[in-house]
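Me: I have a structure open and would like to go through it piece by piece. Can we start with how its strands are put together?

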Amino acid sequence: MLLNDDITTVKGIGEKTALGLGKLGISSVKDLIYYFPRDYQRYDDPIIIKDAHEGERVSVSAKVVSYVDTRKGGRLSITSLSVSDSSGSLRLVFFNSPFLKTVFHKGDEFIFVGTVKIKGSMRVMEMPEYYPVYKYKAMLKSMQPVYSLTKGITNNQIKKSLGNAREAFLKIEDYLSDEIRNEYDLISERSAIEEIHFPLNEDRLKIAIKRLAFDEFIHFLMGVREMRKNNLSVSSSHVITKESISKLDGFKAGLPFSLTSGQESAIRDIIDDMSLGNVMNRLIEGDVGSGKTIVATAALFLNAMSGYQGALMVPTEVLALQHYEDLKALFKPYKIRVELLTGSTSLKDKRSIYENLKSGDISILIGTHALIEDKTEFKDLGLVITDEQHRFGVKQRERLGAKGNYPHVLIMSATPIPRTLAMILYANLDISVIKELPKGRKKIKNCVVGTEYRSTAYKFIQNEIKNGHQAYVICPMVEESETMDLENVENYTDELRNVYKGCNINIEYIHGKMKDEDKAGILKDFINKKIDILVSTTVIEVGINNPNATVMMIENAERFGLAQLHQLRGRVGRGSYQSYCIFINVKQSKESKERLKVLEESNDGFYIATEDLKLRGPGDFFGVRQSGDIMFRLADIYNHADMLRTAQEIVLKYGDDIKIKY
């Protein structure tokens, strides 16, 4: 079995399973081997029911003491039963699982694994795992991988397929020499792949994850190294004119707001770069809501008024549409033609855009990954801007830049990164930092609370809606998971609709697995105030600007990194209204309280990023990550900062000797 063999060469994978795996991006044996788990579950000795505290994932050994009841609840069927041991009882709740009537019978003993919730005086486990006692004994103390799934594909299918593909692991060739690995105490890539899928213990797993995180960092840094080589001493033919600079003053004067000193400083940096004759490679880094977009708009204005074309690539269709509508209105008096190109653009409109872009009739093209497709050809591309650059890989940005003759490059990021790490990641870029927020913005008020505060939070949200505002509720999970017991979007929406029944409050949900056009429709309705509460995963971390949304409640806040929570929180407080963020800390451990306290006390993204780096423990392997396209699949600059530094050192020392196949 070879790495590039079709996935159907793996025993047990037929056409139907291959189709499901294809939705996960797995079409070859190599794709399967490099499809990493998103989390791990430990299986410890069972405890007695009375010792099971809320928010903790535990194992309990208990007997079934009631009949299994199944009823309809909204769009779901709800199956429930009671179990008990000598210390107390526990209510088990399952969704869309009516078959369990044939599994559980009075007097049967099982090991149940899940997270306990307290509802009234009752302990409840929703969607627990369940095992016969003999089967659980074989799993004790093991680390079981949890994979991201799609409809028709189970966790066990992926685990079994990987077991059947183990002979292909022997074909993995390490790009690092034995000398380099020994010098930096790195295990082989092959060993790391074995351990990440089949970990013997937690310590071995940590070593494996560190090696694979290192691999992602070194691939990135080698790519940046090549970009830097190509850009050194390259002259640009896209020098902005003095006339465009003078007209910029009139453009800024016509804006409905005044620019901050940080925005003005960043624009001066851009003018200096684009006037000198060398290619600009600049990063605009600013906290959430600091107004980076108007700086990019000024750069596009200068570029267009000088007779060149500009491209703005963003990670989501909704964000692309918002930028398009805003820029089209701002540039209309100057007869600067702006067009939008995304995956949802009709074939007829695409053909028209391709034609007008190639002829030079379009001055600015805004879009998603569609901008880097082969059919997208510019007449004279002078400026390339990528928004939320951490969501695009080096190769994606290179492909966009290659559509012009050494165009200027401007990158925007609202992801606060500690300076020590930013200097490594952005080594090939000049950096402009915008520190202050636009005038008129009020600081977001934050609170970290336990699950007992939920009902109070619901009343608070209802009151904000009565005052004409809107709210977000963020959940970590999209749908019910086989092994994870976290608040999920679909069930939570049903629960909220029940809570607000008869209150004339419209509640909808959105997540990354929805079709782009469906997501765009939901977000458009939310912006147009047709939806009062939007229940979402982290898909709204970027790509939505609704000044009327004043409350965000984040469930299972302890599951997220602080920097990501800060990004999410940035979706509120975008207008002149007082805004609020409620962090529901389900686990309530000392560690989670300490971490979330940082967010409660500060709205400064760069301070939070630095604290996040300090507070991350060695056990934080993955965290919850459902943000779509990101720079790294597994590596995290906070969890694996030491490996980022190691990768930088190796690239500087041995870069000429390392040959990586992209």
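Reply: One definition is needed before that: two strands pair if DSSP finds at least two bridges between them. Strand 18 (residues 470-474) and strand 21 (residues 549-554) are joined by 5 bridges and run parallel. Within that pairing, tyrosine 472 has methionine 552 of strand 21 as its bridge partner. Keep in mind that this is a predicted model.

Me: ok, which sheet has the order 17-22-21-18-20-19, and how do its strands pair?
Reply: That is an open sheet of 6 strands, and the pairing is parallel. Its edge strands are strand 17 (445-449) and strand 19 (507-510), each of which pairs on one side only.

Me: what does helix 17 lie across?
Reply: Helix 17 (residues 516-527) lies across strand 18, strand 19, strand 20 (533-536) and strand 21. Its direction is at about 140 degrees to strand 19.

Me: and helix 19? which strands does that one lie across?
Reply: Helix 19 (residues 590-601) lies across strand 17 and strand 22 (580-584), running at about 160 degrees to strand 17.

Me: how many bridges join strand 12 to strand 13?
Reply: There are 4, and the two strands run parallel. Glutamate 339 has leucine 365 in strand 13 as its bridge partner.

Me: what comes between helix 12 and strand 13?
Reply: A loop, and serine 363 is found in it, between helix 12 (347-359) and strand 13 (364-367).

Me: is serine 363 buried or exposed?
Reply: Buried, because its relative accessible area is 18% and the cut-off for buried is under 20%.

Me: which residues does it touch?
Reply: Leaving out residues up to four places away in sequence, serine 363 touches Ala304, Tyr308, Gln309, Gly310, Ile336 and Arg337.

Me: back to the strands. how many residues of strand 10 are buried?
Reply: 6 of the 6 residues of strand 10 (residues 281-286) are buried, so the strand is largely enclosed by the rest of the structure.

Me: what sits on each face of it?
Reply: In a regular strand, side chains alternate between the two faces of the sheet. In strand 10, Asn281, Leu283 and Glu285 are on one side, while Arg282, Ile284 and Gly286 are on the other. These residues are all buried, and both faces are covered.

Me: what does strand 10 pair with?
Reply: Strand 10 pairs with strand 15 (residues 408-413) in the parallel sense over 5 bridges. Leucine 283 has isoleucine 411 as its bridge partner there. Strand 10 is also joined to strand 16 (residues 430-434) by 5 bridges, again running parallel. In that pairing, isoleucine 284 stands opposite serine 432.

Me: new topic, rings. how many aromatic pairs are there?
Reply: A search of the whole structure finds 21. One of them is phenylalanine 251 with phenylalanine 331, a tilted pair at 5.7 Å centre to centre with 40 degrees between the planes.
Reply: Phenylalanine 251 is buried, with a relative accessible area of 4%. Phenylalanine 331 is buried at 0%.

Me: which other ring pairs with phenylalanine 331?
Reply: Phenylalanine 301 does: the ring centres are 6.1 Å apart and the planes are at 35 degrees, so this pair is tilted. Phenylalanine 301 is in helix 10 (residues 292-305), 30 residues from phenylalanine 331 in helix 11. Phenylalanine 301 is buried too.

Me: which rings are linked into a cluster?
Reply: Phe94, Phe104, Phe110, Phe112 and Tyr130 are linked by ring pairs.

Me: last one. what sits over the ring of tyrosine 67?
Reply: The charged end of lysine 106, at 4.5 Å from the ring centre. Arginine 166 lies over the face of phenylalanine 198, 4.0 Å from the ring centre.

Methods
Residues numbered from 1 in each chain as written. Predicted model: local features only at pLDDT ≥ 70, side-chain atom pairs only at ≥ 80, totals over all residues. Heavy atoms only, no water. Buried < 20%, exposed > 50% of the residue type's maximum accessible area, 1.4 Å probe, protein only. Contact = heavy atoms within 4.5 Å. Axes fitted to C-alpha atoms, helices over the stretch in contact; angles between N-to-C directions. Phe/Tyr/Trp six-rings, centres within 6.5 Å; stacked < 30°, edge-to-face > 60°. Lys NZ or Arg CZ within 6 Å of the ring centre and 35° of its normal.
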